[in-house]
Protein chains: 2
Amino acid sequence: MDAGNRRDTVPDILERIERARRRPRLLEKAITMAHGAGGKATRALVDRVFLEALGNPVLDALEDAASLEVGGVRLALTTDAFTVHPPFFPGGDIGCLAVHGTVNDLASAGARPLYIAAAFVLEEGFPIEDLRRIVASMASAAREAGVQVVAGDTKVVQRGKGDGIYIAAAGIGIIERPIHLGADQVRPGDRILVSGPVGDHGVAVMVARGDLDLEIDLQSDTAPLWSLVERLLDAAPGVHCLRDATRGGVATVLNEIALAAQVGIRVWEARVPVRPEVRGACEILGIDPLYVANEGKLVAFVAPEDAPAALAAMREHPLGREAAEIGVVEAEPAGTVLLETEIGGVRVLDMLAGDPLPRIC
Amino acid sequence: MDAGNRRDTVPDILERIERARRRPRLLEKAITMAHGAGGKATRALVDRVFLEALGNPVLDALEDAASLEVGGVRLALTTDAFTVHPPFFPGGDIGCLAVHGTVNDLASAGARPLYIAAAFVLEEGFPIEDLRRIVASMASAAREAGVQVVAGDTKVVQRGKGDGIYIAAAGIGIIERPIHLGADQVRPGDRILVSGPVGDHGVAVMVARGDLDLEIDLQSDTAPLWSLVERLLDAAPGVHCLRDATRGGVATVLNEIALAAQVGIRVWEARVPVRPEVRGACEILGIDPLYVANEGKLVAFVAPEDAPAALAAMREHPLGREAAEIGVVEAEPAGTVLLETEIGGVRVLDMLAGDPLPRIC
């Protein structure tokens with residue numbers, strides 16, 4: 001900072017800091033696990049490699065699903081690669097996860113999920129019986145979510161070139177309501193709701209990996225959220241933005257929204273629902289449950305006047321019984337998430353740096 | 001065959017044989033490379049695992065893209081996983097291939113390609129400079145094909161759990177014409193056209209892999225086919241079915257159609273365009289170029305009265321200059337492809353059995 005340069009006003013400097021925050025630098029020469037962790041490194045990769053070459057207004061918005069208009073019909077399109085290991089874990093498997101993840105990304109755009117296309121990358125030697133179980137689980141998840149798998153592809157790679165099974169799922173849905181959900185709709189004053197306890201999926205998978213020397217009885221929360229979203233949208237017209245808090249957890253969602261909408265976010269740690277077993281596992285690992293992946297948890301940004309109705313609607317739904325209001329959107333500090341801790345302090349809840357968690361997705 | 005059982009009429013027996021042909025058995029306990037080769041084993045896996053659990057009329061049709069109606073608009077949806085190694089090869093790379101493959105599957109359904117969603121599975125250690133080149137190639141292919149990449153996902157897997165880069169691409173397109181293309185539209189008498197020389201992509205990739213101790217100057221044919229398809233559909237209303245002859249080559253497409261439409265197919269080997277360098281490489285490898293993958297070749301089934309116009313339309317397009325009529329659809333033998341060889345014999349051009357080719361997709 002050159003104090004002699006009079007043109008560097010405080011707002012200029014702040015703006016420059018913000019810009020840098022929004023466009024993290026990509027310094028690495030090769031892909032690291034951190035690039036897949038959902039935090040700062042992922043963001044840098046997405047920004048500096050993908051958006052730089054492929055960017056367009058829809059992609060740049062970095063929503064869970066793209067909102068499109070095709071032939072006068074409003075559609076949502078999404079894709080995700082599912083690389084979870086192990087493929088079977090308490091409460092689910094990679095098959096139902098692929099369906100739920102896809103359905104939930106569409107639901108986050110306010111779209112009724114309709115169709116799924118699934119591409120499988122199978123490693124030579126993968127047991128066909130395991131594949132059958134996974135595909136049966138997809139079928140059952142699809143039925144439950146009211147979607148059909150209508151297109152697919154299967155590739156086989158040599159032993160040592162995969163990890164048993166990867167599934168890339170894409171989905172389309174229809175946006176039937178005259179709504180526009182997205183980070184650009186978030187306003188200071190909006191209340192932040194989460195549909196239930198956070199971190200269940202990530203901890204369940206870590207336990208299943210054997211990374212934790214723990215025997216805890218915890219299931220992944222993997223579930224399809226469209227019926228919850230539908231109820232929420234019916235009850236609360238002031239829903240501004242929805243996110244499925246997967247990789248990187250709720251903290252990552254909040255940071256993404258704070259950056260994209262250039263707002264401040266304040267979260268009350270004591271109000272964030274966390275199961276005691278998740279809290280315990282996270283303490284042992286030295287991680288914050290707010291950064292741990294969920295596969296059936298919605299984060300909703302709702303106009304203040306609609307927040308009580310939104311919370312009530314969530315709580316009436318089986319998947320939202322433990323929903324809670326955990327924070328509020330503020331005008332400043334733009335791009336920053338502040339956490340009011342349980343012991344009364346305030347600290348920045350930053351984007352994840354590095355790769356503090358085992359790969360669980 | 002029990003000659004004493006009078007109920008076993010010849011048609012019964014033939015029908016049973018046909019049924020067995022249509023539903024090959026899956027005897028293996030674990031995934032083998034053959035399950036990814038596009039031939040009999042792939043078909044068995046798709047039939048006995050995927051269709052058995054997920055089947056519905058759209059998926060069962062096993063077209064290159066699903067034809068759907070959403071909100072009164074006719075859409076096509078497709079997905080493919082791209083696992084080609086090496087990721088760079090003469091004439092292209094995994095990036096443009098992912099765009100072309102997706103666009104071509106949509107084009108095969110008669111759909112104007114609109115939007116792509118791409119999921120990346122990156123292996124730890126993959127050079128970011130290579131990723132940049134691949135993404136730039138996708139961007140350029142998308143521009144050329146008139147599509148936008150509007151959704152994406154990036155996952156990173158540990159070293160040894162991938163092969164540098166895998167891309168799963170999904171695409172949606174709009175079916176603007178009042179047409180229905182598909183195997184169920186193919187009729188005896190239909191002429192079979194191919195848009196140019198076969199086998200270029202597969203041989204180019206095999207050369208790039210170093211599997212062949214050959215120095216030949218051959219490029220992959222990877223290219224977007226929608227503008228060719230559009231011209232074809234405008235010129236020939238009697239187009240019944242289109243296929244993008246990728247994995248398993250033209251022979252696999254012909255077998256799929258023969259089985260699905262329960263027709264016979266007769267191909268004249270001498271009329272199949274093959275570049276001399278591809279023919280030479282295939283002779284060394286002991287494989288038939290008809291089984292080798294293409295990434296920019298269309299196979300069209302066209303009503304006989306429209307075949308001349310269709311062929312002329314193809315030849316007017318830069319990607320169809322060497323188009324040829326290579327065969328005809330016949331009523332019998334149902335489910336079978338017969339090849340009239342250059343030396344005057346006739347033999348069954350069967351589905352690929354086993355895994356005779358290196359993994360090239």
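**Helix packing, sheet order and the chain interface**

Helix α6 (residues 200-209) and helix α9 (residues 276-285) of chain B pack at an angle of about 65 degrees, and their axes lie 10 Å apart. Here an axis is a line fitted to C-alpha atoms, for helices over the stretch in contact, and angles are taken between N-to-C directions on a range from 0 to 180 degrees; helices (H or I, at least four residues) and strands (E, at least two) are DSSP runs, numbered from the N terminus. The model is a predicted one, in which local features need pLDDT of at least 70 and side-chain atom pairs count only at pLDDT 80 or more, while totals for chains, interfaces and linings use all residues. Residues are numbered from 1 along each chain as its sequence is written, chains are lettered from A and ligands numbered from 1 in the order in which they are written, and side-chain values use heavy atoms, with hydrogens and water left out.

On the α6(B) side, B:D200, B:V203 and B:M206 are in contact (heavy atoms within 4.5 Å) with B:V278, B:A281, B:C282 and B:L285 of α9(B). By class, this contact of α6(B) with α9(B) comprises six nonpolar, no polar and one charged residues, where Ala, Val, Leu, Ile, Met, Phe, Trp, Tyr, Cys and Pro count as nonpolar, Asp, Glu, Lys and Arg as charged, and the others, Gly among them, as polar.

In chain A, helix α7 (residues 226-235) packs with helix α10 (residues 307-316) at an angle of about 150 degrees, the axes being 9 Å apart. That angle makes α7(A) roughly antiparallel to α10(A), given that angles under 35 degrees count as roughly parallel, over 145 as roughly antiparallel, 65 to 115 as roughly perpendicular and the rest as oblique. The two helices α7(A) and α10(A) pass in a right-handed crossing, in which A:L228, A:R231, A:L232 and A:A235 of α7(A) meet A:A309, A:A310, A:A313, A:M314 and A:E316 of α10(A). The class count for this contact of α7(A) with α10(A) is seven nonpolar, no polar and two charged residues.

Between the two chains, 78 residues of chain B are in contact with 78 residues of chain A. The area buried between chain B and chain A is about 6,500 Å², 70% of it on carbon and sulfur atoms, buried area being the accessible area (1.4 Å probe) that two parts lose on being put together, summed over both. Of the area that chain B buries against chain A, 10% is supplied by B:I31, B:I128 and B:V156, more than by any other three residues.

A helix pair also spans the two chains, with the axes of helix α5 (residues 128-145) of chain A and helix α2 (residues 40-54) of chain B coming within 8 Å and crossing at roughly 30 degrees. This makes α5(A) roughly parallel to α2(B), and the crossing of α5(A) and α2(B) is right-handed. Residues of α5(A) in the contact include A:I128, A:L131 and A:R132, and those of α2(B) include B:L45, B:R48 and B:V49; by class, the contact of α5(A) with α2(B) has eleven nonpolar, no polar and three charged residues.

An open sheet of chain B contains five strands in the order β1-β2-β7-β5-β6, with mixed pairing, two strands being paired if DSSP finds at least two bridges between them. Strands β1 (66-70) and β6 (148-157) of chain B stand at the edges with a single partner strand each, so one side of each is left without a neighbour in the sheet. The twist averages 20 degrees from one strand to the next. Strands β1(B) and β2 (residues 73-82) of chain B run antiparallel and are joined by five bridges, with B:L68 opposite B:L75 in β2(B). Helix α5 (residues 128-145) of chain B packs on this sheet, where it touches β5 (112-123) and β7 (165-174) of chain B and makes about 170 degrees with the direction of β5(B).

In chain A, seven strands form an open sheet of mixed pairing in the order β9-β11-β8-β12-β10-β13-β14. Its edges are β9 (239-244) and β14 (346-348) of chain A, each with a single partner strand, so one side of each is left without a neighbour in the sheet. Direction ignored, neighbouring strands of this sheet are turned by 25 degrees against each other on average. Four bridges join the antiparallel strands β8 (residues 191-194) and β11 (residues 298-302) of chain A, and A:V194 stands opposite A:V299 in β11(A). Helix α4 (residues 94-108) of chain A lies across β9 and β11 of chain A, at about 165 degrees to β9(A).

Definitions and conventions:
Left-handed = near helix turned anticlockwise from the far one by under 90°.
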